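Welcome! Take a moment to turn the model around on your screen before reading on.

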Amino acid sequence: MNLKPSFFDRRANAGRIPHDDFQAVENLAMELLKFLPPASHRPIVFVCIGTDRSTGDSLGPLVGSFLEEKDVPSFHVYGTLDEPVHAVNLGDRLKEIALKHHNPYIIGIDACLGRMKNVGVIQVCDGPVKPGAGVNKELPAVGDIHITGIVNVSGFMEFFVLQNTRLNLVMKMAKTIANGIYQASILHSKGRLQELIQEEQKKTN
């Protein structure tokens, strides 16, 4: 990973990453690594929520499929285009994860709606994601932290808006998220995060 000296000077936008920023993948990886526990402490599980029956809501399973193709052995991935995690099976899949993994550290990934100026922004946030909130569905909260991608504008006929979101944008955002997670997996498995931070701090002092 090529870390620029300016990275640590851009904290005002920490956790909010435009998908088309030239450092989007690197910044996403670093934001994610700030939250993850050491590799040996807890199994790390990504739950990619959504369905390919709705363009806007396909962000999660697209990310899951891209990660499956990349093969990230240090992380566990649930939710792909072949086997989506969605409103109907979410509760069952969470129970399955709890049985398979002891004390898992879960990262929820989901699409969301937001303000026009924020469409295309990827967010890495502490706490669980609440899937279905944008379309008034009551579903279990997911994750110790979450990654969301703002795929379209909220405020009116959200279900229709999700159905008519551009696939081009969703694909680009999904690739950025998957690439960021992949880079994070490489550094996390090698335990290199603290070394990188110290190297960057030396450069800026």
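## A word to start with

Buried means under 20% relative accessible area and exposed means over 50%, with partly exposed in between. Keep those cut-offs in mind as you explore, and remember that this is a predicted model.

Let's begin with Asn103, which sits in the loop between helix H3 (90-100) and strand E4. Is Asn103 buried, partly exposed or exposed? Its relative accessibility is 43%, so Asn103 counts as partly exposed. Its backbone also deserves a look: Asn103 is not a glycine, yet its phi is positive, about 50°. Most residues other than glycine have a negative phi.

Asp71 is another residue with a positive phi, about 65°, although it is not a glycine. You will find Asp71 in the loop between helix H2 and strand E3 (75-78). With 53% relative accessibility, Asp71 counts as exposed.

H2 has 12 residues and spans 17 Å from its first C-alpha to its last, close to the 16 Å expected at 1.5 Å a residue.

How many of the residues of H2 are buried? The count is 9 of 12, which leaves this helix mostly covered. Among the buried ones are Leu59, Pro61, Val63, Phe66 and Leu67.

Now move along to Ala178 in helix H5. Ala178 is buried, with a relative accessible area of 0%. Beyond its sequence neighbours up to four places away, Ala178 touches Val63, Phe66, Leu67 and Lys70. Ala178 and Gly64 are 114 residues apart in sequence, but their C-alpha atoms are 7.7 Å apart in space.

Ser185 also lies in H5, and with a relative accessible area of 5% Ser185 is buried too. A polar atom of the Ser185 side chain lies 2.6 Å from the backbone oxygen of Tyr182. Setting aside neighbours within four places in sequence, Ser185 is in contact with Val72, Ser74 and Phe75.

## The nonpolar cores

What is the size of the largest nonpolar core, counted in residues? It holds 39, and those with the most contacts inside it are Leu32, Phe46, Val63, Ile107, Ile147 and Ile181. Several helices and strands each supply at least two residues of this core, including helix H1 (24-35), strand E2 (44-48), helix H2 (59-70) and helix H5 (167-190). The largest share, 9 residues, comes from H5.

## A buried histidine

Our last stop is His19, in the loop between strand E1 (16-18) and H1. Is His19 buried or exposed? His19 has a relative accessible area of 15%, and because that is under 20%, His19 counts as buried.

Which residues does His19 touch, not counting those up to four places away in sequence? They are Ala24, Gly120, Ile122, Leu169, Lys172, Met173 and Thr176.

Technical notes: Residues are numbered from 1 along each chain as its sequence is written. This is a predicted model: local features need pLDDT of at least 70, side-chain atom pairs count only at pLDDT 80 or more; totals for chains, interfaces and linings use all residues. Side-chain values use heavy atoms; hydrogens and water are left out. A nonpolar core is a set of buried Ala, Val, Leu, Ile, Met, Phe, Trp, Tyr and Cys residues joined through side-chain atoms within 4.5 Å. Buried means under 20% relative accessible area, exposed over 50%, partly exposed in between (1.4 Å probe, protein chains only). Helices (H or I, at least four residues) and strands (E, at least two) are DSSP runs, numbered from the N terminus. Contact means heavy atoms within 4.5 Å. The expected span of a helix is 1.5 Å times one less than its number of residues. A polar contact is a pair of N or O atoms within 3.5 Å; within protein, one must be able to donate a hydrogen and the other to accept it, and residues adjacent in sequence count only if both atoms are side-chain atoms.
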